[in-house]
Amino acid sequence: MAAALLAAVTVITGACGGGGTVAGKSAELKWAIGIPTSWDPVTSQIGWDIFGLPLAYEGLTEIDQDGKPKPGLAERWEYNADGTQVTFHLRPGLKFSDGTTVNAEAVKFHFDRAKTQKNSRSKDLIETIQSVDVVDDLSARFNLAQTDYQVPLLVAGRPGLIASKQAAGSDPAALDTKPVGAGPFVLQEFIRDDHATLVKNPDYWNADAIKIDKVTIYEKPDQATVVASVQTGVYNVAYALPAAAKNAESQGLPVEYTQTGQVYGVIVNNNKAPFTDPKVVEALRYAFDRQEFVDKSTLDTGQVTNQPFPLRYPQNDNGFAEAWPYDPEKSKQLLAEAGYAPGEVKVQLYSQDAGGVPELLQDQLAKAGFDTTIKMITSAESNQLVLVKREPALALNTSTGRESPVQALLSFYGPAGLMNLSAPYATPRFEDALDRLRSTPLDAPDYDTVLKQTVRIAAEESPHNYLFDIPWTFIKSDGVSALDARQGQIRWEGVTIQ
């Protein structure tokens with residue numbers, strides 16, 4: 001029965017037109033990347049979810065290749081004179097996948113729910129949005145707690161992925177497994193921890209640009225078998241770590257190193273000993289040989305960074321790339337000033353990464369005077385122990401970035417930041433810099449200068465240490481065109497599969 005249903009869906013969606021294959025053959029994407037922790041954008045738990053959620057949902061805006069906002073569900077927007085209100089004007093005639101209308105009431109309901117629902121994971125990200133007013137059927141006015149010109153970027157990401165008001169109002173818990181959005185695809189089948197199948201949405205506002213008829217996404221692939229899985233057609237696009245990517249290249253498979261990336265860092269809990277001592281925190285700054293990670297962990301595909309943005313992102317401030325150089329002797333000196341002999345500082349590093357990075361960290365920290373043990377945890381344990389309970393004193397963290405730099409900086413360093421292990425720690429200097437960035441229009445001549453200053457202050461004021469980035473890398477089958485990779489996202493407009 002299930003096989004017959006899938007075959008029927010293939011025939012129907014193939015008839016919709018716009019596919020990237022010869023007539024009569026369905027263009028199917030089989031993508032091994034990871035399934036969202038929740039299909040509800042309001043309760044989604046990790047940044048990784050941004051790969052799956054935009055299949056079913058569309059944001060009020062999108063981001064372009066330069067990290068600037070462009071129209072999405074909203075065709076335009078404007079601010080008032082002091083930047084404390086922004087009004088989004090929706091495209092007419094749009095529908096959610098349940099057939100209900102995309103209108104200002106749905107936008108208001110979405111943000112009201114994101115602010116008030118008990119298990120919302122968006123509250124801290126939309127803290128400056130006080131309320132949303134329905135101006136008319138297609139116009140929603142955002143009333144802001146302060147001047148904030150970042151909102152058009154914010155709503156290009158997870159906080160701006162709008163769900164159907166009818167679905168969210170009648171049974172919000174059901175959205176966890178049954179997304180109802182206005183995105184390029186509609187969920188057809190979902191088996192948790194295995195796969196999700198979506199079919200092309202003919203009502204998507206930009207449906208003509210979608211050349212794929214069906215998408216099946218799978219959990220992140222086993223790196224030991226990912227090359228064979230692409231060769232045999234199990235996947236035609238698969239996430240790959242550097243060793244698997246190099247192996248695929250050696251066997252003649254196309255590999256795409258995208259311009260979006262994942263940053264690795266060691267996040268610190270300065271609410272727990274020994275990192276309650278600023279000297280110990282400072283000692284950690286000089287313990288990391290970042291180039292060694294690039295050479296050994298990324299196989300020269302990545303780049304050194306000391307901030308939570310890949311070097312190729314516009315948010316990255318290359319002006320202080322040399323801050324905190326590798327100096328294990330200085331680390332030992334600072335530990336001595338704190339009263340610790342080499343090896344007396346004993347810490348446990350929580351990690352879900354089994355790719356050699358924790359062991360390399362352990363070795364570098366030993367040279368700097370830290371006695372480190374590794375506690376391996378699962379992804380689910382990481383979500384609870386690190387992101388929710390903030391249990392460890394030290395953890396290996398990865399991040400894909402965010403559409404809005406303010407949103408990203410809040411997540412990494414804010415007093416309620418999801419990835420701020422030291423929460424509620426955040427200094428007045430950091431929060432003042434963040435306010436200045438919010439109050440600078442995106443098209444202001446000094447915007448880029450203010451942005452980079454804020455990133456630098458954030459890194460200086462936080463105990464966290466970012467180390468290197470790896471580009472999002474995908475092994476592809478022959479016939480899959482170039483991917484549309486943007487900051488922290490992969491979009492599918494214009495991508496073809498032969």
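This is a friendly dialogue about how to read some features of a predicted model.

Colleague: Before we start, what should I know about the numbering and the model?

Modeller: Residues are numbered from 1 along each chain as its sequence is written, and the model is predicted, so local features need pLDDT of at least 70, side-chain atom pairs count only at pLDDT 80 or more, and totals for chains, interfaces and linings use all residues. Side-chain values use heavy atoms, with hydrogens and water left out.

Colleague: How do I read a helix pair, and at what angle do α14 and α15 cross?

Modeller: Helices (H or I, at least four residues) and strands (E, at least two) are DSSP runs, numbered from the N terminus. Axes are lines fitted to C-alpha atoms, for helices over the stretch in contact, with angles from 0 to 180 degrees between N-to-C directions. Here, the axes of α14 (residues 428-438) and α15 (residues 447-461) cross at roughly 160° and come within 9 Å. Angles under 35 degrees count as roughly parallel, over 145 as roughly antiparallel, 65 to 115 as roughly perpendicular and the rest as oblique. The two helices are therefore roughly antiparallel to each other.

Colleague: Which residues of α14 and α15 meet?

Modeller: Contact means heavy atoms within 4.5 Å. On the α14 side, the residues include Phe430, Leu434 and Leu437, and on the α15 side they include Val450, Leu451 and Ile457. The residues of this contact divide into nine nonpolar, two polar and four charged. In that count, Ala, Val, Leu, Ile, Met, Phe, Trp, Tyr, Cys and Pro are nonpolar, Asp, Glu, Lys and Arg are charged, and the others, Gly among them, are polar.

Colleague: Which residues of α13 does α14 meet?

Modeller: Val406, Leu409, Leu410 and Tyr413 in α13 meet Phe430, Leu434, Leu437 and Arg438 in α14. By class, that contact has seven nonpolar, no polar and one charged residues. The axes of α13 (residues 405-413) and α14 come within 10 Å and cross at roughly 165°, and the pair is therefore roughly antiparallel.

Colleague: What is a nonpolar core, and which residues touch the most other members of the largest one?

Modeller: In soluble globular proteins, nonpolar side chains tend to be buried together. A nonpolar core is a set of buried Ala, Val, Leu, Ile, Met, Phe, Trp, Tyr and Cys residues joined through side-chain atoms within 4.5 Å. Buried means under 20% relative accessible area, exposed over 50%, and partly exposed in between (1.4 Å probe, protein chains only). In the largest core, of 67 residues, Phe275, Leu361, Phe370, Leu394 and Leu409 touch the most other members. Another core, of 66 residues, lies apart from it, with Phe88 and Phe142 among them.

Colleague: Is Arg486 buried or exposed?

Modeller: Arg486 is buried, with a relative accessible area of 10%, and its place is in strand β18 (residues 484-486). The C-alpha atoms of Arg486 and Thr260 are 226 residues apart along the chain, yet separated by 5.7 Å. Leaving aside neighbours within four places in sequence, the contacts of Arg486 include Glu62, Asp64 and Thr260.

Colleague: Where are the cis peptide bonds that join Ala to Pro?

Modeller: One joins Ala273 and Pro274, with omega about 5°, and Pro274 is in the loop between β12 and α8. Another joins Ala423 and Pro424, with omega about 10°, and Pro424 is in the loop between α13 and α14.

Colleague: And what is phi for Trp324?

Modeller: Phi of Trp324 is near 55°, a positive value in a residue other than glycine. Trp324 is buried, with a relative accessible area of 14%, and lies in the loop between β13 and α10.
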